[in-house]
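Student: I have not seen this structure before. Could we go through some of its helices and strands?

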Amino acid sequence: MIRSLLIANRGEIACRIIRTARAMGIRTVAVYSDADAGALHAAQADEAVHIGPSPARESYLVGEKIIAAAKATGAEAIHPGYGFLSENAEFAEAVAAAGLIWVGATPHSIRAMGLKDAAKTLMAEAGVPVTPGYLGADQSPERLKAEADAIGYPVLIKAVAGGGGKGMRRVDASADFLDALASCQREAAASFGDDRVLIEKYVLSPRHIEVQVFGDTHGNVVHLFERDCSLQRRHQKVIEEAPAPGMDEATRQAICAAAVRAAKAVDYVGAGTIEFIADASEGLSADRIWFMEMNTRLQVEHPVTEEITGVDLVEWQLRVASGEPLPKRQDELSIDGHAIEARLYAENPASGFLPSTGALSVLDLPHGALRVETGVVEGDAVTPFYDPMIAKLVVHAADREAAIELLADEVEGVGVWPVATNAGFIVRALRHPGFGSGAIDTGFIAAHLDDLLPASEPSEAVWTAAAHTLAWAESDITASGGAWAEIGPIRLNAAPRSRLTVATGTTHRDVDLLAGEPETAGRLVDDTLVIVEAGSAFAFTRWRAGGTGAGAAADGAILAPMPGRVLSVEVAAGDAVTKGQKLLTLEAMKMEHTLTAPFAGTVAELNAVAGGQVQVEALLARIERAEP
């Protein structure tokens, strides 16, 4: 058995691996960048090694530094987690060449499945059904457009070396193809160093079904059933569950058998996932499910499989890497109940899900019935250098209905501030009738976006609670000490006022303190009161005439939502624009973000230049509203 393990990763997956390794008596070594000097994963490991500056390309993506850290600390093995170097065959070979154990798929398997075009060809030869598309070497825009026209729209452009929802574009018409291709290739080059793409027929009612597989060095391969990851936005998974709703036993056996064939075709060793796309227009059926890609690593959503099977997949990885056979045979694996995972992201659903950065002054994640996978604690910061996921929130229950209700109840209590999150969005998605009935596909979020966006303003009860609490705090009747405080009835003979004007965001309201009693809880952070309602955090301050509430912005101001680089500017000062018109494209966190006009008007000011770097909240442009 491995005795000492270096984790070549960060955040929640590094903490997850450390937890299992410690339970197995394995010594752990963490690596960290400048931005992660005080990170949870570095603190939890038995030893931690600094490997460079904050940008991943100068730290977590530099294999030589990671191998040197392993050698210097006496680590026997390297676990790559997911992302970063987890599917880099050259790095896996370098680890082995250094005399270390690689806890992952073999370089052969990684190469065979790492490029989507080659993988699809290999799968077709192995008898695994694949979607219609173009996988050719000719990458000229003219050839790619001709192939897309021949396949028929809509089509999906996918980066050959892609993953994580990056380097993917849906195109609905021939006239839009070349612009989408250029954007996709830029994002692919920035994320993977490879701008090659393939073209696939876009399934109009697609569901994303994937099968967890596991192989060992003794020739054994098993599956651990399927997961449904259909609730996505921009091809990025938001909610995952196991087993897949609406999956009958015959279809399950067919796709799981296909997944095992796929793994055996590349002599697979370790944890892997075979991803399928299903045409769900008439329910799930084996003849309408096609191979999409294989991820030759542990998946972000692996906890839902662990919850329904009772298996620790990280433990299996470490045992298989140590040369042991798989702990269980196929006939010893079964499904127990239902599990759902929600990804809590630092992002603002109201602004097109743009990532949110900054200090986590408030971070309250419910525990108990909820399994929480996180790599941050209160006081840490979400930086622009890495993925903006704060935590994975996982529940397990006897059936799907109970799991949905449990997770929705738990996420309602998630409190994060001042960083924006998608918690309120998750609650609304879980409670949406369409999700509850299982009538979901990968277009669900786009189709129901207006219903899923959380309320932009607090309820009357929260306004009342905010006014009472701030009045109470100012009169020194209570001292919360920074903890969540249950707000009880306030006796006004102890307070010097009967009314108080409070503000949140750009809105303020005069509240009659005699009109009612608060029915919710809040938390005081300095002079700001944070109250969470259905997963959404509202920050209140006492309003003073002439002041502004938190987060106020000038009318028509287009601000940079985060630090980044301006890729393109589509307008010039003085131009007339329509509501929703594209103004410029910003690249941040290796993804492209389009900023649009909030209303019809004129570009009164333009400060953005293509290629220029901008800081968060920099004024990029200002739109002057058109006369009605």
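Student: Which residues of α11 does α1 meet?

Tutor: The model is predicted: local features need pLDDT of at least 70, side-chain atom pairs count only at pLDDT 80 or more, and totals for chains, interfaces and linings use all residues. Residues are numbered from 1 along each chain as its sequence is written, and side-chain values use heavy atoms, without hydrogens and water. Contact means heavy atoms within 4.5 Å, and helices (H or I, at least four residues) and strands (E, at least two) are DSSP runs numbered from the N terminus. From α1, Arg16, Ile17, Thr20 and Ala21 meet Leu313, Val314, Glu315 and Leu318 in α11.

Student: How are α1 and α11 oriented to each other?

Tutor: Helix α1 (residues 11-23) and helix α11 (residues 313-321) pack at about 65 degrees, their axes 9 Å apart. Axes are lines fitted to C-alpha atoms, for helices over the stretch in contact, with angles from 0 to 180 degrees between N-to-C directions. Angles of 65 to 115 degrees count as roughly perpendicular. The two helices, α1 and α11, are therefore roughly perpendicular.

Student: Which residue is the bridge partner of leucine 586 in β34?

Tutor: Strand β33 (residues 582-588) pairs with β34 over six antiparallel bridges. In β34, the partner of leucine 586 is histidine 593.

Key. Pairing = 2+ DSSP bridges. Parallel < 35°, antiparallel > 145°, perpendicular 65-115°, else oblique.
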